[in-house]
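Here is a short briefing on one structure. Look through the sequence and the 3D view, then read the points below.

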Protein chains: 2
Amino acid sequence: MKKSANNSTCRIVLDAMGGDFAPRNEVLGAIAALSEDSSIEILLVGKKDLIISTLNEHNLSFPEQNIYDAEDVITMSDSPTAALRTKPNSSLVVSANLVRSGKGDALVSAGNTGAVMAASTLLLGRLKGVGRPTIGVPMPSETGTCFLFDAGASVDCKPSHLLEYAIMSKIYVQEIYNVKNPSIGLLSVGEEKSKGNDLTLKAYELLDNVRDEINFKGNVEGKDILGGKTNIVICDGFTGNVILKFAESVVGILKQRIKSFALKSFFNKIKVLFMRGTLKKVLSDFSSEKQGGVPLLGVKAVSIIGHGSGSPTAIKNMILKAKEMHEKQLLHKIEKALSDYANK
Amino acid sequence: MKKSANNSTCRIVLDAMGGDFAPRNEVLGAIAALSEDSSIEILLVGKKDLIISTLNEHNLSFPEQNIYDAEDVITMSDSPTAALRTKPNSSLVVSANLVRSGKGDALVSAGNTGAVMAASTLLLGRLKGVGRPTIGVPMPSETGTCFLFDAGASVDCKPSHLLEYAIMSKIYVQEIYNVKNPSIGLLSVGEEKSKGNDLTLKAYELLDNVRDEINFKGNVEGKDILGGKTNIVICDGFTGNVILKFAESVVGILKQRIKSFALKSFFNKIKVLFMRGTLKKVLSDFSSEKQGGVPLLGVKAVSIIGHGSGSPTAIKNMILKAKEMHEKQLLHKIEKALSDYANK
């Protein structure tokens, strides 16, 4: 995997059967990415006949030697780790093995999140110094964007894992989002050092030891994520996943409340019609479309995981982000940082 | 405490120095509650001269023998358990001791949340069968209201505590919110039984054992709180507190986004002016004003904890809720249910 890190071409392996609209959105997303950046090489992995018929249907051309046949598909209902074993010919496992064998630099999939994490962790392997890989999500905040790590890669974690998340996410946000020396907060139930559960109280100590080096700002609370108190918020994957899914549901209840308000009277309906466009613009930040996908940090290759419902644009953005991560040698920088902190 | 459970008069001990606007809002709230329900007896606890001058200032009368002097105040920055020890003459400790000694049936305070919980747990004591008391909060949901327990009383808890929360919250929601046989979900990272962290996987087993009796619907996710999939969602207090504070911050970021949209152009400003009233109505559900306060379930007397910023209306509603809980013999019913399940 590593020998290509300095190659001029970035080779992205795309699990073409991952998402809910596969291979359509994957194929269209790949073509869109190539038309935006022709320096990328994409390997499409999945049911070859389906991929080719999708290309033909949309009158698109794609080098056939870059289509890798995989007869099986890991579905959203498959058990992640079991599926890796029982479906060795699935598009995801074949994709991960292509990266593992050095034929690709990055893995991109909008498939079963748990399975993509498992394939990345088990087939690609963890970077040296990483106990648990982590997934991060950007959230809209009053000061711009707040990145939440971990958003669900590891539901039971140790204090040392939270320190790893801080180090890895710091490099990611710095390099990919151009935030200079991003500030880091530890998610807890109060600002004071003494507030928290057993996990965060111990993690606080570890983070406090490298406070200046990582720009650690201490504990933050649930309100500080959208409040944007720090650029990054660190938490265990259980809490992060619950927050992420809760946040995604906010737009839903607002829409429902507005709808039921509109139904109360004709006059209300007119009011709601008037505000619809404005509200849509205001709420657009809460959509995951722009981001495309989220990285799994801590494994030995770039790995980007997308929403199953991801549009071609989302897939395109996942590919472009994978390329950027590869180009900026993010994994190398993460590994170096982890080793630096381990030696402190 | 118990001997008065069947008295016709409910005696509510109000910590008059708790909130940010004490004793003003407490005094006005108490008078408002009395004018709404004259059968209640209220004991006001705090700096007597301040309470009396507040009454005079607003031209209100209140029986002086029901004002208990307490010279000290536990502030928001005091450490909860330490404050109970170092400030024995604080309005909160005096209030809790009045309930403990049988002079009152319920404790109501808008003071330092941690201190009110500590005073309730340590001075009033836990009900038989309760390992950890729990705080519950109502959240607006697509199907009405979803109650989240625990919202922060206990940040590290055992699987058995989650079962207790389920039993206690069920009775509370049934009796106080008239929801017949409320459904209960366990907050986790996926619907499947196999999804969760160590705590929830074990709690699932305990809840599953009494599935039919408590109307347990299995795991729910972060999105299902606002989605209203179940009437009650059970979680550890760390996760619950983070979710609660995150939810409270949603309105803030919406307002900020709308404001910055308005600032972009004159035309945008007009659009926002038009939608302001509508949006205010739609978002009113997210305000905690109506609820007033939240109960701490599992202690030996009714205990209601309010927001420090609570208005007189919030204080009034806290008093009325305390009265209802007392009148409906909620604690007795909770104790009975816990004992019934313990014997299963």
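This is a predicted model. Chain A holds 14 helices and 11 strands.

**Chain A overall**
- A compact globule of 344 residues would have a radius of gyration near 20 Å; chain A has 21 Å, so the two agree.
- Along the principal axes, the C-alpha atoms of chain A fill a box of roughly 70 × 60 × 35 Å.
- Of the 344 residues in chain A, 54% count as buried.
- Take the contacts in chain A with a separation of 6 or more: 73% of them join residues 24 or more positions apart.

**A loop residue: A:D72**
- A:D72 sits in the loop between β3 (67-69) and α3 (80-86) of chain A.
- A:D72 has 18 C-beta neighbours inside 10 Å, so it counts as partly exposed; buried would take 20 or more.
- Setting aside neighbours within four places in sequence, A:D72 is in contact with A:K87, A:N89 and A:S90.
- A:K47 is 25 residues from A:D72 in sequence, and their C-alpha atoms are 7.6 Å apart in space.

**Helix α14 of chain B**
- Helix α14 of chain B has 13 residues (330-342), which at 1.5 Å a residue should span 18 Å; its end C-alpha atoms are 18 Å apart, so this agrees.
- The buried residues of α14(B) are B:L330, B:L331, B:I334 and B:L338.
- These residues lie on the same side of α14(B), because they cover an arc of only 95° around the axis.
- Among the elements of chain B that cover them are α6 (159-176), β10 (293-297), β11 (302-306) and α13 (312-327).

Note on methods:
Residues numbered from 1 in each chain as written. Chains lettered and ligands numbered in written order. Predicted model: local features only at pLDDT ≥ 70, side-chain atom pairs only at ≥ 80, totals over all residues. Helix = DSSP H or I, 4+ residues; strand = E, 2+ residues; numbered from the N terminus. Expected span 1.5 Å × (residues − 1). Buried ≥ 20, exposed ≤ 12 C-beta atoms within 10 Å, placed from the backbone. Arc of directions from axis to C-beta. Contact = placed C-beta atoms within 7 Å. Rg over C-alpha atoms; globule rule 2.2 N^0.38 Å.
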